Amino acid sequence: MADLLSHVLAAYAIFTVASWRLEWLTKRWVAVAMIGALLPDLNRIGLFVTDATLEAVLGVPFSVDGIHTLGGALVLAGVGSMVLTSQHRRAFGTLLGGALSHLLIDGVKAYADGAAGAWLYPFTWYRPPTPSLYISSDPATLVVTAVAAGLVLLCDRFGVVNGRSFLT
């Protein structure tokens, strides 16, 4: 659970900082990007429902393994953008941006074999080497992400120095 919350907080920090320069990126779109950061972890539905059950319900062969990939993020962002709003392109971009932040952050975490997941699928099955910067189950990861998001929140709310905003 700490990993999931870390991804949401990281997306908040990244997209809030981006909103300081991009006029169209309002709080609403930052929230959409935070939802996008959750998309790759929808593969965890496999903890509760087997692939065989999903195949029986959908009537087609199905595996949840492809959700935590670039292709899965593209498909889920497309579906989400069609469901979310009338501004489909902007919704697609922010959902995909949140999902890409998730995948990039996961690309630098520690794996036992030293290679990241095949998150570049469907373009390639290549598993790039990972610098093993963090372990997703380590509570320090959540603390660091929460502190960063908290600092961004404070800068966003009270970003005024000597009567002049340092954000503009």
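How many of the 168 residues in the protein are buried, as a percentage? Buried residues make up 36% of them, where buried means under 20% relative accessible area, exposed means over 50%, and partly exposed lies in between (1.4 Å probe, protein chains only).

Before going further, a word on what you are looking at. This is a predicted model, in which local features need pLDDT of at least 70, side-chain atom pairs count only at pLDDT 80 or more, and totals for chains, interfaces and linings use all residues. Residues are numbered from 1 along each chain as its sequence is written, and side-chain values use heavy atoms, with hydrogens and water left out.

## The overall picture

The protein has six helices and two strands, and from the N terminus on its elements run α-α-α-α-α-α-β-β. Helices (H or I, at least four residues) and strands (E, at least two) are DSSP runs, numbered from the N terminus. Along its principal axes, the C-alpha trace spans about 60 × 40 × 30 Å.

Contact here means heavy atoms within 4.5 Å. Of the contacts between residues at least 6 apart in sequence, 60% join residues at least 24 apart.

Let's start with α2, whose buried residues are W29, V30, V32, A33 and G36. Seen down the axis of α2, these residues fall within an arc of 160°, so they line one face of the helix. As background, an α-helix has 3.6 residues a turn, so residues three or four places apart point the same way.

In α3 you will find A52, which counts as exposed because its relative accessibility is 52%. A52 and F62 are 10 residues apart in sequence, and their C-alpha atoms are 7.8 Å apart in space.

Helix α4 covers residues 70-84, 15 residues in total, and reaches 20 Å from its first C-alpha to its last, close to the expected 21 Å at 1.5 Å a residue. The expected span is 1.5 Å times one less than the number of residues. Buried in α4 are L70, G71, G72, A73, A77, G80 and S81, and the buried residues of this helix pack against α5 (88-106).

## Helix α6, inside and out

Helix α6 (residues 139-158) holds T141, which counts as buried because its relative accessibility is 15%. Leaving aside neighbours within four places in sequence, T141 is in contact with S6, Y134 and I135.

F158 also has its place in helix α6, and F158 is exposed because its relative accessible area is 62%. Together with V143, V147, L151 and L154, F158 forms a nonpolar patch on the surface, with about 520 Å² of accessible area in total. Patches are made of residues with over 30% relative accessible area and no salt bridge, with like charges joined within 9 Å and nonpolar side chains (Val, Leu, Ile, Met, Phe, Trp, Tyr) within 5 Å.

## Salt bridges

Side chains of opposite charge can pair when their charged atoms come close. A salt bridge is counted when a side-chain nitrogen of Lys or Arg is within 4 Å of a carboxyl oxygen of Asp or Glu. A search of the whole structure finds five salt bridges, and the table shows some of them.

| Salt bridge | N to O distance |
|---|---|
| D3 and R44 | 3.3 Å |
| K27 and D156 | 2.3 Å |
| D41 and R44 | 3.8 Å |

The D3 and R44 salt bridge links distant parts of the chain: D3 is in helix α1 (residues 2-19), R44 is in the loop between α2 (27-36) and α3 (51-58), and they are 41 residues apart. D3 counts as buried because its relative accessibility is 7%, whereas R44 counts as partly exposed at 34%. D41 counts as buried too, at 8% relative accessibility. D3, D41 and R44 are linked in a network of salt bridges.

Which helices does the salt bridge of K27 and D156 link? K27 is in helix α2 and D156 in helix α6, 129 residues apart. K27 is partly exposed, with a relative accessible area of 49%, and D156 counts as buried at 17%.

Technical notes: Areas by Shrake-Rupley, 256 points an atom, 1.4 Å probe, with all protein chains shown as cover. Arc of directions from axis to C-beta.
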